[in-house]
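Keep the sequence and the 3D view side by side. We will start with ring pairs, then turn to helices and charges.

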Amino acid sequence: MEMFRSVLSTMSPQGGRETPYTTFRRGNAVSEDPSGEVKMEEVEVAEPQVTSEMVGLIVQKTADRRKALIYLVLVLLFFLIIAFILGYVSSQTSCKACIEADAASTAAMSGDECSYWQNTDTGSESVLHWGDLKAMLKEYINGQEIAKNTRLMSKAPHPVGSAELNELTSMVRKTFQSYNLGHVWADSHYVTLPFQNRSSPSYLWVTNADGTMVQNIQLDNDVYLAYSPNGIVSGGLVYGYYGRGEDFEILSQMGISVQSNIVILRVGKNSFAEKVALAERYGAIGVLIYPDPADIPQYPRGLGLQSSTAISGHVHLGTGDPFTPGFPSFNHTQFPPINASALPGIVAQPISASAAMSLMSKLSGPVAPLEWKGNLPSVKYNLGPEFQQPGNKLQLGVNTHMVSKVINNVFGSIEGFTEPDRYVIFGAQRDSWSMGAAKSGVGTAILLELANAFSKMVENGFQPRRSLLFASWDAGEFGSVGATEWLEGYLTMMHLKAVAYFSLDKAVLGDDILHTESSPLLHNLFEMVIKQVDSPKWNGQSIYSHILSRDPQSINNFLKPLTMDSSAYPFTAFAGVPAMELSFRELDQDCRFLNTKQDTYSALNSRLNGRLADVSQAVAEIMGQMGIALTHNDRLHLNYRVYSDVTLNYLNQLQTFSQELESRGLTLQWLYSARGDFIRAAERLTNLISSSDEENERLNRIYNDKIMRVEFYFLSQYVSVTDAPFRHILHGRGDHTLEALYKHFQLLQLDPAKFNEKRFRKQLALVTWTLQGAANALSGDVWSIDNNF
């Protein structure tokens, strides 16, 4: 009607005169007379009459308005198209960033300590921040409970397959279930393990020229070296110090041959397996290993190792079941009859200090170098191989038997709230040949306490992004058999699922120093954590500040590379997962009772002056805080850039041989080029991550997936996992490693005749292409890599 009124008003003549189009109708009007009385009168009201001309004007007006509306719609549509195009371009840029992010491995390590603990979800009042979580962890970890469980775990020997171990297995599983963990289960493996032959025990004799026994050296039939082959050997005796490569070289330089002789070696410096493997390489026919009082004190009144005590171990230069190398020992899988190449070919036996004294006091030959001399009473430390009595020899007979056993790993888990299929793993060995308080008891007790503490934290508001997995391993005494078989069974998914592994084995061996073996990716995070945990021995100091006050230089080298003796080793060297094992130890001494019958709760607690609970709690807090950092933060802060420095250290050593290489027409150019590509890729990734949105969950997922693969990138893809299971070029073993390449290089100066150019070229290719592959994986997808191969 407003439109009609508008049109009519334009048609009405000035002066209000009637038009031909005006009609009248009756109406009422209200008026007021002079007296003030209101009256209503009937009047005629003029009303315009709508004609065809007027309708035409109205239609024209309506059409104009419709055109205006159409123009408006078209303009709006134009702007919508422009906005869509801009959004599409923006999304393509973002997708490109995502693709680049997919090549990323980890966020750059910030120098700011707080970057480890920040929580991006600051808008919620219920969010628990680092200070809250640290206080909560400390509240729920009970050192006295750890000590109590250590005593329970070590009340009797519990070797693989024993009733005592079965009882502990059941107890661990029920304990996990009582903590209301999200899932508790076990997996079984079928392995063949060596045990002492009680009906025909091993022996050690001194014989005369006609082979008649003149002395029986007493052996402990409960102590042996697993995986030593059976056999009887006879020959002279050579003292070889610790049995390292340099020790055998010194013997050779002094004109002492170990060929066709038995070698007697001291415990320490390297593993039993390495001692036997090197002795075999230099031609020995057998090995005896003893604890020298200079390394392991043997005080009276039970304060030290008893002189009649030998130390047990294994001599497999590897981990896992050596009869299924590279394969999981599941019952339904058939394997060819094969032995791992890492098994020794010569017999080996542990002996006590008193047995060693009896033998070495009878040796003649040159006197050992001054630094080789130990503290065996009445022993001059002659090198041998002859005895003082001409014609005397040493005869060693080793006899074990192989037994098929079912081993059981027990697991408990707490499911993550955001990335439940990504997990941080804590593990500890459960079995022990002896009581095993230090070897397995304290580690299992800490494992249980961490599971309990994290469960309580979740009940009180902690929401870990990623899952926590607690693993109790079987058959650890034989070389991490339970853990390695599990890794072999799930090898293809380890680098996709596992964030990190923390071993709790041998966690408390003393209280003087902190010994840590670790993947370099965890170093920075570990240093941040030990600044947050109080020293268990020195009040008012953090562990970090105590290390710094003791020796300011030691802060740069107290983190050691992983060794094969560590149960964390196969996780990194075999499966490509960042791993760590730490322990508090005595100053400059090996643990006196480890791997012996004296490894009891009372001996361990006495050595700590009754403070086992305090030291164990410190270990639990360190490991717990590492777990919080890796399950709580949106992104995994692992320092992947550290491998630039690690590889540079090797290259600097290799550079010393550059002239010898050039004289043979060889070069390290491509190895340097591969490292350069890795550095550039790492820097590019650092810049990409620092400029990205940390609240973008899709990007977080992409980054975190790549972060977990960094360690995996350094596993050589060019060697067989069954032939060379430890494929990591930095932490592994074999010709594909940088260490092997360096040692081969040394022959150019030490013994050029032994340098094998064909072997060198293969080694160099393996190392170079593994490093180049790691650089390519960090750099981007195949279509964005422009390396000129």
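How many aromatic pairs does the structure hold? This is a predicted model, and it holds 29 aromatic pairs.

Take F426 and F470. Their ring centres lie 5.8 Å apart and their planes meet at 15°. Planes under 30 degrees apart count as stacked, so this pair is stacked. The pair links distant parts of the chain. F426 sits in strand 15 (residues 419-429), F470 in strand 16 (residues 466-473), and 44 residues separate them. F426 has 0% relative accessibility, so it is buried. F470 also counts as buried, at 0%.

Now look at F745 and F760. Here the ring centres are 5.0 Å apart and the planes are at 40°, so the pair is tilted. F745 belongs to helix 22 and F760 to helix 23 (residues 757-779), 15 residues apart. F745 is buried at 0% relative accessibility. F760 is buried too, with a relative accessible area of 1%.

Stay with helix 22 (residues 738-750). Its axis comes within 10 Å of the axis of helix 17 (residues 642-655), and the two cross at roughly 10°. That makes helix 17 roughly parallel to helix 22. On the helix 17 side, T647, Y650, Q653 and L654 make the contact. They meet L738, E739, L741, Y742 and F745 in helix 22. By class, this contact has 6 nonpolar, 2 polar and 1 charged residues.

Rings can also form clusters. Ring pairs link W185, F411, W473, W486, Y490, Y501 and F571 into one.

Finally, find two lysines. K405 lies over the face of F195, 5.4 Å from the ring centre. K531 lies over the face of Y544, at 4.7 Å from the ring centre.

Methods:
Residues numbered from 1 in each chain as written. Predicted model: local features only at pLDDT ≥ 70, side-chain atom pairs only at ≥ 80, totals over all residues. Heavy atoms only, no water. Axes fitted to C-alpha atoms, helices over the stretch in contact; angles between N-to-C directions. Helix = DSSP H or I, 4+ residues; strand = E, 2+ residues; numbered from the N terminus. Parallel < 35°, antiparallel > 145°, perpendicular 65-115°, else oblique. Contact = heavy atoms within 4.5 Å. Nonpolar A, V, L, I, M, F, W, Y, C, P; charged D, E, K, R; others polar. Phe/Tyr/Trp six-rings, centres within 6.5 Å; stacked < 30°, edge-to-face > 60°. Buried < 20%, exposed > 50% of the residue type's maximum accessible area, 1.4 Å probe, protein only. Lys NZ or Arg CZ within 6 Å of the ring centre and 35° of its normal.
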